[in-house]
Amino acid sequence: MLTLRPHHIIDIIRDLGQNKDFVPHNYGHDYHTIAFNITEDMDQLVKLVISSDDICAPCIHLQPDKKCNDILNNHPYSHSKQIYNDHLDSKIIELLSLHDNMIISIKDY
């Protein structure tokens, strides 16, 4: 079962709809691999998390404490990608009436 941040699923669906190619990123994260996995099986279950996930796991910015040290330049909310993403994912699951650590199929999400 995949463990994913809610916004990562949205990003993948957006990119799929825009016919973007899923290719490796220089950060080393697994976005391209997970995107392919999701498109192959929309019925699979995923655990929604507000923390690092399977995409983040191999990223060069993921620290031993499982926090991201990447920054967002010129962002009004926060320069910390960790803080921004945690806030974003919290809002997404709240708006969708879901919860952290919930297990749901990609299709149902």
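Trainee: Leaving out residues up to four places away in sequence, which residues does Ile 93 touch?

Mentor: Keep in mind that we're looking at a predicted model. Ile 93 sits in helix H3. Once residues up to four places away in sequence are set aside, its contacts are Pro 6, Ile 50, Leu 98, His 99 and Asp 100.

Trainee: Is Ile 93 buried or exposed?

Mentor: The cut-off for buried is under 20% relative accessible area. Ile 93 has 8% relative accessibility, so Ile 93 counts as buried.

Trainee: And how far is the C-alpha atom of Ile 93 from that of Lys 81?

Mentor: Lys 81 and Ile 93 are twelve residues apart along the chain. Between their C-alpha atoms, the separation is 18 Å.

Trainee: How are H1 and H3 set relative to each other?

Mentor: Their axes come within 8 Å and cross at roughly 85 degrees. Angles of 65 to 115 degrees fall in one class, and H1 and H3 are therefore roughly perpendicular.

Trainee: Which residues make that contact between H1 and H3?

Mentor: Take the two helices in turn. H1 brings Pro 6, His 7 and Ile 10. From H3 come Asn 85, Leu 88, Asp 89, Ile 92 and Ile 93.

Trainee: How do the residues of that H1 and H3 contact divide by type?

Mentor: Go type by type. Five are nonpolar and two are polar. The charged count is one.

Trainee: What about H1 and H2: at what angle do their axes cross?

Mentor: H1 covers residues 6-17 and H2 covers residues 31-40. Their axes come within 10 Å, and the crossing angle is roughly 75 degrees.

Trainee: What does that make H1 relative to H2?

Mentor: The class in question runs from 65 to 115 degrees. That's why H1, relative to H2, is roughly perpendicular.

Trainee: Which H2 residues take part in the contact with H1?

Mentor: On the H1 side you'll find His 8, Asp 11, Ile 12, Arg 14, Asp 15 and Leu 16. On the H2 side are Tyr 31, Ile 34, Ala 35, Ile 38 and Thr 39.

Trainee: Is His 8 buried or exposed?

Mentor: His 8 is part of helix H1. Leaving aside its neighbours within four places in sequence, His 8 contacts Tyr 31, Asp 53, Ile 55 and Cys 56. Its relative accessibility is 9%, so His 8 counts as buried.

Trainee: Which residues lie nearest the centre of the largest pocket?

Mentor: That pocket holds about 670 Å³ of space, and its lining has 31 residues. Nearest its centre lie His 7, His 8, Asp 11, His 29 and Lys 81.

Trainee: Which elements give two or more residues to that lining?

Mentor: The lining residues divide into 13 nonpolar, nine polar and nine charged. The elements giving two or more of the lining residues are H1, H2 and H3.

Trainee: How far apart are the C-alpha atoms of Leu 4 and Asp 53?

Mentor: Leu 4 belongs to strand E1 and, at 0% relative accessibility, counts as buried. Along the chain, Leu 4 and Asp 53 are 49 residues apart.

Trainee: Is Lys 66 buried or exposed?

Mentor: Lys 66 is in the loop between strand E2 and H3, with a positive phi near 70 degrees. Its relative accessible area is 51%, and over 50% is the cut-off, so Lys 66 is exposed.

Conventions
Residues are numbered from 1 along each chain as its sequence is written. This is a predicted model: local features need pLDDT of at least 70, side-chain atom pairs count only at pLDDT 80 or more; totals for chains, interfaces and linings use all residues. Side-chain values use heavy atoms; hydrogens and water are left out. Axes are lines fitted to C-alpha atoms, for helices over the stretch in contact, and angles run from 0 to 180 degrees between N-to-C directions. Helices (H or I, at least four residues) and strands (E, at least two) are DSSP runs, numbered from the N terminus. Angles under 35 degrees count as roughly parallel, over 145 as roughly antiparallel, 65 to 115 as roughly perpendicular and the rest as oblique. Contact means heavy atoms within 4.5 Å. Buried means under 20% relative accessible area, exposed over 50%, partly exposed in between (1.4 Å probe, protein chains only). On a 1 Å grid over the protein atoms alone, a cavity is a set of points where a 1.4 Å probe fits but cannot get out, and a pocket is an open set with protein on both sides within 12 Å along at least five of seven lines; lining residues have an atom within 4 Å of a point. Grid points are joined across faces, edges and corners, and a volume is the space filled by probe spheres set on the points. Ala, Val, Leu, Ile, Met, Phe, Trp, Tyr, Cys and Pro count as nonpolar, Asp, Glu, Lys and Arg as charged, and the others, Gly among them, as polar.
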